[in-house]
Amino acid sequence: MVALGAVIAILLGFALFYGLKGKKKSIDSSMKSSENRTCKSDSGKSTDIIIVGAGVAGSALAYTLGKDGRRVHVIERDLRQPDRIIHLVTDKHVAADCVSDIDAQNVYGYALYKGGKSTKLSYPLGSFNSNVAGRSFHHGRFVQRMREKAASLPNVRMEQGTVTSLLERNGTIKGVEYKTKTGEKHTAYAPLTVVCDGCCSNLRRNLCNPKVGIPSCFVGLALENCKLPFANHGHVVLAEPSPILFYPISSTEIRWQNLHLSCFENCYRSPATEKGNMRTMPNRSMPAAPYPTPGALLMGDAFNMRHPLTGGGMTVALSDVILLRDLLRPLHSLDNAYSLCKYFESFYTLRKPVASTINTLAGALHKVFSTSSDPAREEMRQACFEYLRLGVAVYGVGRLLIPFPSPKRLWIGARLISDASGIIFPIIKAEGITQMFFPVAVPAYYRAPPVK
């Protein structure tokens, strides 16, 4: 099982990366135009949907719903270009054309290194054309392009402000209270509020049971004017005690990232530490455990996080955006909050197969790729490196039994299976076994749009 996690997570994981430092590109004119648009928040009629946060999830959702004719009010704490350490995995999503002029690099696969040996794997294209490739780029540039596209729509208002609380009345979320960049207090009302204010969300506790784990943290920096052994590929070095990643983020820059386990305490105190061109950030994980709440919905890292080694967070967020768009399209009115809340239970169920698979594989791969004093765990790591296309646990046991099984090898093989189960089963349990493997058995899977 861990083997399956390692194989698929690797193949998914390094298709698209984007980095930590971007060239400044001003979108002040489009933002100012967007902020100046009339939005009579107090009436509750001029806005269909409030989106808290304009990261990738919030910006993509605003643009997607705006294109569908919804009147959207986006409130983002800081509209300056982000400077963060994050990964992206996406292709043929709503955000695909936002990488066209930000010096994004094609990525066709990855190279894996361990103990002086290396192997190169290409992404399986399946039914896609041979010219399909991943993209690696600067995170900040990508987010600004997403915000620019959303703000360019006449029915999307993007405003810089800090949402301080959700406005609740008789158990229903009616809107938000926020402070503008000048410190003025305002309220905004809408039938639906989507909270996607990131990994450090201060609103999620009202809408879910947040069990945030920090299994490790990583350190990253940008290297200029250097080349990788394999062009247009991500590079993974199975070093000790944890993997080191290299991948291009522009035509002249390579990003180096170390999943640095020993900096846990410093990362826990500070979400991000800047030392010159270096960044350190905690690796957070949080299963999706929402409280169905009339008038509100959680999305993005505010809702669900996984280990960033595979870069799957963006895939989950954009997949959720498309799913929510499709669920909203049949609805002409969003005014019946209770019916809408019942309907959105299908969102939480329908997203599970994709989201839970990526979450499980990310967590499992991180544990498999990190070094351990346990011989069984190290055998699993070596097996994963040597033969990715077969089940890692099964292949690892096979390695131990050939050419002949000794008592020691049999013991390590049993420990390997035990350790593999200990890695994968807790993650699957946290994600929800029924929703992940048997979503059709959940009644919400068949939930029909409410008819007014």
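Trainee: How many bridges join strand S9 (residues 156-169) to strand S10 (residues 172-180), and in which sense do the two strands run?

Mentor: Some ground rules come before the count. This is a predicted model, in which local features need pLDDT of at least 70 and side-chain atom pairs count only at pLDDT 80 or more, while totals for chains, interfaces and linings use all residues. Residues are numbered from 1 along each chain as its sequence is written, and side-chain values use heavy atoms, with hydrogens and water left out.

Now your strands. Eight bridges join S9 to S10, and the two run antiparallel. Within this pair, Leu 167 stands opposite Gly 175 in S10. Strands here are DSSP runs of E with at least two residues; helices are runs of H or I with at least four, and both are numbered from the N terminus. Two strands pair if DSSP finds at least two bridges between them. Strands of a sheet pair through backbone hydrogen bonds, either parallel or antiparallel.

Step back to the sheet. Seven strands make an open sheet with mixed pairing, in the order S11-S10-S9-S3-S2-S12-S19. Its edge strands, S11 (185-189) and S19, each pair on one side only. From one strand to the next, the twist averages 35 degrees. Angles run from 0 to 180 degrees between N-to-C directions, and axes are lines fitted to C-alpha atoms, for helices over the stretch in contact.

Move along to S12 (residues 192-195). S2 (residues 49-52) pairs with S12 in the parallel sense over four bridges; there, Val 194 of S12 is the bridge partner of Ile 51. S12 also pairs with S19 (residues 296-298), again in the parallel sense, over three bridges. Leu 298 in S19 is the bridge partner of Val 195. In a regular strand the side chains alternate between the two faces of the sheet. In S12, Leu 192 and Val 194 point one way, Thr 193 and Val 195 the other way, and all are buried. Buried means under 20% relative accessible area, with a 1.4 Å probe and protein chains only.

At 0% relative accessibility, Leu 61 counts as buried. Leaving aside neighbours within four places in sequence, its contacts are Ile 51, Val 194, Met 299, Val 321 and Leu 324. Contact means heavy atoms within 4.5 Å.

H3 supplies Val 56, Ser 59, Ala 60, Ala 62 and Tyr 63 to the contact, and H4 supplies His 139, Phe 142, Val 143, Met 146, Arg 147, Lys 149 and Ala 150. By class, that contact has eight nonpolar, two polar and two charged residues. Nonpolar covers Ala, Val, Leu, Ile, Met, Phe, Trp, Tyr, Cys and Pro; charged covers Asp, Glu, Lys and Arg; the others, Gly among them, count as polar.

H4 brings us back to your strand. H4 lies across S3 (72-76) and S9, and runs at about 85 degrees to S9.

Note on methods:
Buried means under 20% relative accessible area, exposed over 50%, partly exposed in between (1.4 Å probe, protein chains only).
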